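Here is a short briefing on how the parts of this complex touch one another. Please view the structure first, then work through the points below.

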Amino acid sequence: MSEANTLEIRHLRTVFHTRKGDLAAVNDVSLTVPKGKIVGIVGESGCGKSMTAMSVMQLVRKPGEIESGQILFRGEDLLQKTPGEMQKIRGDRISMIFQEPMTSLNPVYTVGHQVEEALRIHEHLSKEELHRRAVEIFEAVGIPEAEERLKSYPHQLSGGLRQRVMIGMAMICKPDLLIADEPTTALDVTIEAQILALMKKLRDENGTSILLITHNMGVVAKMCDFVYVMYAGRVMEQAEVFELFRNVQHPYTAGLLQSIPRIDHVVDRLYTIPGVVPNLLHLPAGCGFCTRCRYAQDRCYEELPELREIAPGHFIRCFSTNQELSGKEESHA
Amino acid sequence: MAKKIINRVLVSIPVLIGVIFIIYVMLNIIPGNPIEVMMAEHARQDVIDRISAYYGLDKPVWEQFLIYMKNLLHGDLGVSYKLNRSVNSLIADAFPYTLKLAIAAAIVSWLIGIPAGILSAIHENTIVDRLFMGFSLLGVSMPVFWAALIFQYIFAYRLAWVPVSGADTWQSYILPAIVLGWSSAGTIARLTRSNLLEVLEEDYIRTAWAKGLSQAGVILHHAFKNALLPVITMMAIQVASLLSGAVITETVFAIPGIGRLAVDAITNRDMPLLQGTVIFTTILIIAGNLIADILYSVIDPRIREK
Ligand SMILES: Nc1ncnc2c1ncn2[C@@H]1O[C@H](COP(=O)(O)OP(=O)(O)OP(=O)(O)O)[C@@H](O)[C@H]1O
Ligand SMILES: [Mg+2]
């Protein structure tokens with residue numbers, strides 16, 4: 001593969017061996033993060049976003065297991081690496097931040113200690129140098145009074161500051177890839193905007209590629225260059241962001257888009273896609289979305305549609321396009 | 001921080017007074033004049049009366065209590081009926097033996113309990129887990145006197161590696177320390193294991209992995225310190241209770257410590273001595289709790305600030 005892609009996941013399948021049977025949390029997912037780009041994974045809760053990310057980090061815990069596929073990071077398959085080699089990559093070349101800034105930092109160490117530790121694991125530096133770099137990164141992620149703040153314990157900081165600490169910790173080794181798993185979900189809207197802007201700034205300055213996980217289409221629109229829409233462990237639609245928003249073609253994506261909260265609309269209740277996410281243990285034989293899709297036909301229950309390209313770089317996993325479907329509905333009416 | 005400690009010490013005082021009162025009442029509702037019991041039927045009544053008066057036993061109980069409390073305020077625990085020596089000096093003589101045994105036993109129990117707890121947690125629900133937990137729980141389940149006798153038979157009598165009993169050399173402490181330490185290792189192992197398992201589910205552990213730390217780094221640096229908090233409380237209380245004398249162990253191994261002193265006091269109905277040892281023990285336990293609290297806030301910054 002070309003070095004133009006930082007990450008290339010091919011046919012990844014991650015399963016959980018539960019007592020009731022095996023469940024594919026990530027099912028034949030292929031995904032590319034080009035160098036310096038922000039790629040979004042979006043989808044409802046439980047669709048396998050975090051497990052895709054944890055598979056890249058190889059931090060899937062039992063009873064989960066990566067069953068097959070390739071995870072090419074700068075051309076090398078991470079799944080062929082030894083645990084020791086993976087350990088060197090984690091936190092250095094690929095780092096990750098999480099949804100819960102409140103609980104993702106260790107309460108018994110100062111944030112300075114934790115940030116310096118991330119650097120110390122991977123680079124042999126003097127104490128002074130570690131400290132200097134920590135101050136530097138705190139300033140880069142916009143933490144005021146960096147010197148002082150380094151001595152704080154996590155509980156002394158607000159959620160937004162803690163997430164800045166997490167980002168600083170993740171960026172201190174200047175990774176090639178930053179995986180952000182719902183980094184702003186737990187934060188309020190103004191703080192969310194600041195954190196997103198910060199991530200974009202860091203991408204622009206360092207050329208870091210970002211895999212951004214979210215369930216919020218609004219965040220995708222603001223941040224991403226490419227987007228993958230996941231449902232029940234599979235990619236349902238993928239496209240460059242402009243293309244996707246201009247030309248949504250999967251009924252599921254269309255449903256997600258309707259559920260974006262909008263400032264110019266006063267609504268009593270947010271729109272949600274009717275029905276519930278199917279139990280991954282008992283997926284329908286055909287398309288995973290058929291039980292909730294208002295256009296579902298007999299065929300959808302029996303046969304899994306392949307991902308197919310409907311416009312350059314725009315793929316959907318559906319037998320028809322949304323255009324055809326909604327057109328049909330109108331002609332029925 | 002200093003203010004917090006002072007506060008805690010002040011709160012302990014009424015607790016201590018309450019406990020002393022209860023102990024005093026409980027020990028003095030036993031009917032009969034202890035002097036009479038001690039001297040048996042041979043003694044003449046006027047001798048009994050004279051000795052009773054000497055110890056203040058002719059006064060009403062409430063007055064005796066006030067006198068006792070007044071002496072206690074000056075650190076005086078009274079005089080033993082049986083040995084006719086000050087209780088203070090008896091305790092002072094016995095305490096070093098108990099101290100040595102307690103420290104050795106505590107170390108044994110940590111050396112067994114903490115690694116067993118960690119290894120069990122890492123290998124949760126595997127054969128390793130069962131083996132380590134089984135081993136440390138065996139210590140709890142074996143009656144101390146029984147384990148002591150078996151150990152004495154094997155290691156002192158058969159193999160002659162260590163003395164059977166006594167407290168003359170450091171070697172004499174090996175067997176009692178193992179018996180006593182092993183018996184409290186199980187609780188520590190179980191607590192370490194369950195806390196560690198809980199902490200390993202925390203989000204900050206996931207962060208530690210994501211940083212690229214090794215398993216040892218994640219567990220020993222990030223999980224252990226958090227998991228240790230409740231264990232420390234237990235250890236401080238455990239040490240305090242070991243210091244109050246291990247009655248059975250000290251008796252079986254003939255170690256003249258606090259536990260033995262208490263047993264002797266009971267057999268002889270030696271009230272001042274019994275009261276003295278019980279009060280001494282109470283102070284140790286309260287101090288143990290206090291130290292646990294302080295250690296807790298040293299480790300956990302969230303508690304330190306409250
Ligand atoms: N420990 C586990 N045991 C069994 N199944 C699991 C386990 N962890 C995750 N799963 C399964 O994996 C699926 C995907 O989980 P994942 O955490 O990737 O979802 P997600 O898309 O990140 O959702 P969210 O938006 O809630 O974070 C879940 O639906 C769940 O069924
Ligand atoms: Mg998730």
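Between domain 1 of chain A and domain 2 of chain A, 2 residue pairs are in polar contact, both partners at pLDDT 80 or more. The side of domain 1 of chain A that touches domain 2 of chain A draws two or more residues from each of β2 (21-34) and α8 (217-223) of chain A. The model is predicted.

**Domain 1 against domain 2 in chain A**

- β2(A) is the top contributor to the side of domain 1 of chain A that touches domain 2 of chain A, giving 6 residues.
- That side of domain 1 of chain A splits by class into 6 nonpolar, 6 polar and 4 charged residues.
- The rule finds 1 salt bridge across this interface of chain A.
- A salt bridge joins Arg292(A) and Glu44(A), with the closest N and O atoms 3.0 Å apart.
- The domain assignment of chain A sets domain 1 at 5-229 and domain 2 at 248-332.
- The C-alpha centres of these two domains of chain A are 29 Å apart.
- Domain 1 of chain A brings 16 residues to the contact, and domain 2 of chain A brings 11 residues.
- About 1000 Å² is buried between domain 1 of chain A and domain 2 of chain A, with 68% of this area on carbon and sulfur atoms.

**Domain 1 against domain 2 in chain B**

- In chain B, the domain assignment gives 2-73 as domain 1 and 87-305 as domain 2.
- Their C-alpha centres lie 32 Å apart.
- The contact takes 21 residues from domain 1 of chain B and 17 residues from domain 2 of chain B.
- The two domains of chain B bury about 1600 Å² between them, and carbon and sulfur atoms give 71% of it.
- Arg8(B), Ile23(B) and Leu27(B) lose the most area on the domain 1 side of chain B, together 29% of what that side buries against domain 2 of chain B.
- How many salt bridges are counted between domain 1 of chain B and domain 2 of chain B? The count is 0.
- Polar contact across this interface of chain B comes to 1 residue pair, both residues at pLDDT 80 or more.
- α1 (2-28), α2 (34-39) and α4 (61-73) of chain B each supply at least two residues of the domain 1 side that touches domain 2 of chain B.
- α1(B) gives the most to that side, with 13 residues.
- By class, the domain 1 side of chain B that touches domain 2 of chain B holds 16 nonpolar, 3 polar and 2 charged residues.

**Chain B against chain A**

- Chain B puts 22 residues into the contact between the chains, and chain A puts in 28 residues.
- Chain B and chain A bury about 2300 Å² between them, 53% of it on carbon and sulfur atoms.
- Arg206(B), Ala210(B) and Lys211(B) supply 26% of the area that chain B buries against chain A, more than any other three residues.
- Across this interface the rule finds 3 salt bridges.
- One of them links Glu100(A) with Arg206(B), the closest N and O atoms being 3.0 Å apart.
- Chain B and chain A have 15 residue pairs in polar contact, both residues at pLDDT 80 or more.
- On the side of chain B that touches chain A, at least two residues come from each of α9 (203-211), α10 (215-243) and α14 (301-305) of chain B.
- α9(B) gives the most to that side, with 7 residues.
- That side of chain B has 7 nonpolar, 6 polar and 9 charged residues.

**Ligand 1**

- Ligand 1 is surrounded by 14 residues, and the closest are Ser45(A), Gly46(A), Lys49(A), Ser50(A) and Met51(A).
- The side chain of Ser50(A) has an N or O atom 2.6 Å from an oxygen atom of ligand 1.
- For Met51(A), a backbone N or O atom lies 2.8 Å from an oxygen atom of ligand 1.
- For Gly48(A), a backbone N or O atom lies 3.1 Å from an oxygen atom of ligand 1.

Notes:
Residues numbered from 1 in each chain as written. Chains lettered and ligands numbered in written order. Predicted model: local features only at pLDDT ≥ 70, side-chain atom pairs only at ≥ 80, totals over all residues. Heavy atoms only, no water. Contact = heavy atoms within 4.5 Å. Buried area = accessible area lost by both parts, 1.4 Å probe. Salt bridge = Lys/Arg side-chain N within 4 Å of Asp/Glu carboxyl O. Polar contact = N/O pair within 3.5 Å; in protein donor to acceptor, adjacent residues only side chain to side chain. Helix = DSSP H or I, 4+ residues; strand = E, 2+ residues; numbered from the N terminus. Nonpolar A, V, L, I, M, F, W, Y, C, P; charged D, E, K, R; others polar. Domains from an automatic or database assignment. Near = heavy atom within 4 Å.
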